[in-house]
Amino acid sequence: MINAKTVVSRHAWLTLAILSSTLLTVFFSETMLLPAIPEIIDDFDISYGTAAWIFSAYLIVAAVMTPIAGRLSDLFGKKKVLLSLLVIYIAGLIAGGFADNITFLLITRIIQGVGLAAVPAAFSLLRDTFPPAKLSIAVGVFGSAYSAGSVVGLLVGASIIQTFGWHATFLAIIPFSILVTLLIARFVKEYELPNRSKNSNIQGDVSEKKGKPFSIDIKGIVALSVTITSFLIALTVIQIGISNENIFQIAVAFIISAISLLIFVIIERRAIPPFVNLRLLRDKTLLPSFILLISTGIAMFMIYPTIVQLVRSPIPLGFGGDSIDAANVQLPFMISFLVFASVTPFIINRIGSTKPAIIGGIISLFGTFGLLMFHATEFIVSVDLAIIATGLSLTMTTTWNLIVSSSPKEFTGISVGIGALLLFIGMAIGPALAGVYMADHENIGTQGSYPSAQSYDLVYFTALLLSAVSLGFAFILRRKTIDAAV
């Protein structure tokens, strides 16, 4: 007899394909833009420090908007919020295709940053569409779209830039973005939210009981936005390089972030309803999952940018390669991440919801140890990266599945929003930390100054420690889920 709860309709698979295309499209455009940075620097006659804001502006807006979009999707409907964000994203792409100065380009990047905030709404729609027994497959396929977009962007980005110019990185993705938006509007359905989860230990919004379900905590939103923005601005300045001129700016930004975070907590404890229900941050399953996301995010994005520097630095401090060599070295990482993000859901169905995170932590530990000890050739580095990607993919896919499936349905959007926010923060901390380590330079004759060999050792050793921390929290997560089941 077929269990109705495990049957997945054809429409559910169609919904998964359409929503996954959203994430694939966003990361395809982002990865394509990476090789264009040298051309943008030349065209606008700007410094590397200024060019760094091309990605930082996008990341800051995405980090700020993600929890906001998550909460709005819980209140006003996932599909409506998702479509609104995609329309804004498309407008940003169109504007970016005609940017003729750095100021206008940064404005378009701010607009485009809204697009990545669509993740919580998409995850929430998947949870509403798939039965619990098959949800892990949906989450895995959706997550693998990130790697798929990155792989495709990595492969074709340089060719598009070389043939048509860097503006084409924006224009080329517009038709796909419009098509995905139209498909969501036509085929993706949003189901009515059932009664509040009976077994949830997270209290609902008091306002809903009083008949005010659409009250929005504006003060909380502003406080959290200031916290995130000032923190990420400080990290961006650190990534550009710490100097006597900007050390005061960095300190002020961190102080503002700390004060606004304190204000945010005070506001949320009093707000009815709160923007972020603080009980989510104390949940036995969600809290370790959130920590896993930020630790893996730091490790991944601390390692990743240093590989380009390692490949392109002259011998003996690097491999003396070009941008194509750097892409080839990084490609096994993306392919491994893509493959195992797709396979992990089936592993989850076989051995349970938390064991893959432990296995992933162990593999990541071996991979980062190998990168620390053996990074003398491009081939060895590629192998190490593939191993690390395998571990990270297992851990991150498992973690996202736990967040989506463990959150009360009425809080799915904001729970995913918090997880994505922490991942974005990890993505910002990683390059900034690597930049601090790689400030130690050595001169190679008349070729210039490049990061020392010790810089890379520090980066990879820190990644090793982060892998150990992730493994520890994976064990904690395993224990908490067993206790909760009992």
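This is a predicted model: local features need pLDDT of at least 70, side-chain atom pairs count only at pLDDT 80 or more; totals for chains, interfaces and linings use all residues.
**Basis of the entries.** Residues are numbered from 1 along each chain as its sequence is written, and side-chain values use heavy atoms, with hydrogens and water left out.

**Entry on the whole chain.** I counted 19 helices and two strands in the protein chain. Helices (H or I, at least four residues) and strands (E, at least two) are DSSP runs, numbered from the N terminus. Of the 486 residues in the protein chain, 56% are buried. I then turned to contacts, meaning heavy atoms within 4.5 Å. Among those between residues at least 6 apart in sequence, 80% join residues at least 24 apart.

**Entry on S124.** I placed S124 in helix 7, residues 119-129. With neighbours within four places in sequence left aside, S124 is in contact with S73, K78, T412 and G413. Of these partners, I found S73 in helix 4 and K78 in helix 5, where both belong to the contact of those helices. T412 and G413 are among the residues of helix 18 that meet helix 4.

**Entry on helices 4 and 5.** Two packed helices are described by the angle between their axes and the distance between the axes. For axes I take lines fitted to C-alpha atoms, for helices over the stretch in contact, and angles run from 0 to 180 degrees between N-to-C directions. Helix 4 (residues 53-76) packs with helix 5 at about 140 degrees, their axes being 7 Å apart. That makes helix 4 oblique to helix 5. The classes are roughly parallel under 35 degrees, roughly antiparallel over 145, roughly perpendicular from 65 to 115, and oblique for the rest. M65, A69, L72, S73 and F76 of helix 4 meet K78, K80, V81 and L85 of helix 5. By class, I recorded six nonpolar, one polar and two charged residues in this contact. Here Ala, Val, Leu, Ile, Met, Phe, Trp, Tyr, Cys and Pro count as nonpolar, Asp, Glu, Lys and Arg as charged, and the others, Gly among them, as polar.

**Entry on helices 4 and 18.** Which way do helix 4 and helix 18 run relative to each other? They are roughly antiparallel, with an angle of about 170 degrees and axes 7 Å apart. The residues from helix 4 include L59, A62, A63 and T66, and those from helix 18 include G417, A420, L421 and F424. The contact of helix 4 with helix 18 divides into ten nonpolar, six polar and two charged residues.

**Entry on helices 5 and 6.** The axes of helix 5 (residues 78-96) and helix 6 (residues 102-113) come within 8 Å and cross at roughly 160 degrees. Helix 5 and helix 6 are therefore roughly antiparallel. I88, Y89, G92, L93, A95 and G96 in helix 5 meet F104, T108, I111 and Q112 in helix 6.

**Entry on the core.** Which residues touch the most other members of the largest nonpolar core? I found I40 and F333, within a core of 130 residues. The largest share of this core, 14 residues, comes from helix 18 (residues 412-437). A nonpolar core is a set of buried Ala, Val, Leu, Ile, Met, Phe, Trp, Tyr and Cys residues joined through side-chain atoms within 4.5 Å. Apart from neighbours within four places in sequence, F333 is in contact with M300, Y304, L385, I388, A389 and L392.

G430 is in helix 18 and is buried, with a relative accessible area of 0%. Not counting residues up to four places away in sequence, G430 touches I298, F301 and M302. F142 is in helix 8, residues 132-164, and is buried at 2%. The C-alpha atoms of F142 and L19 are separated by 7.3 Å, although these residues are 123 apart along the chain.

**Entry on backbone details.** I found a cis peptide bond from I315 to P316, with omega near 15 degrees. P316 lies in the loop between helix 14 (286-312) and helix 15 (323-351). D45 is not a glycine, yet has a positive phi of about 55 degrees. D45 sits in the loop between helix 2 (37-44) and helix 3 (48-51) and is exposed, with a relative accessible area of 69%.

Terms used:
Buried means under 20% relative accessible area, exposed over 50%, partly exposed in between (1.4 Å probe, protein chains only).
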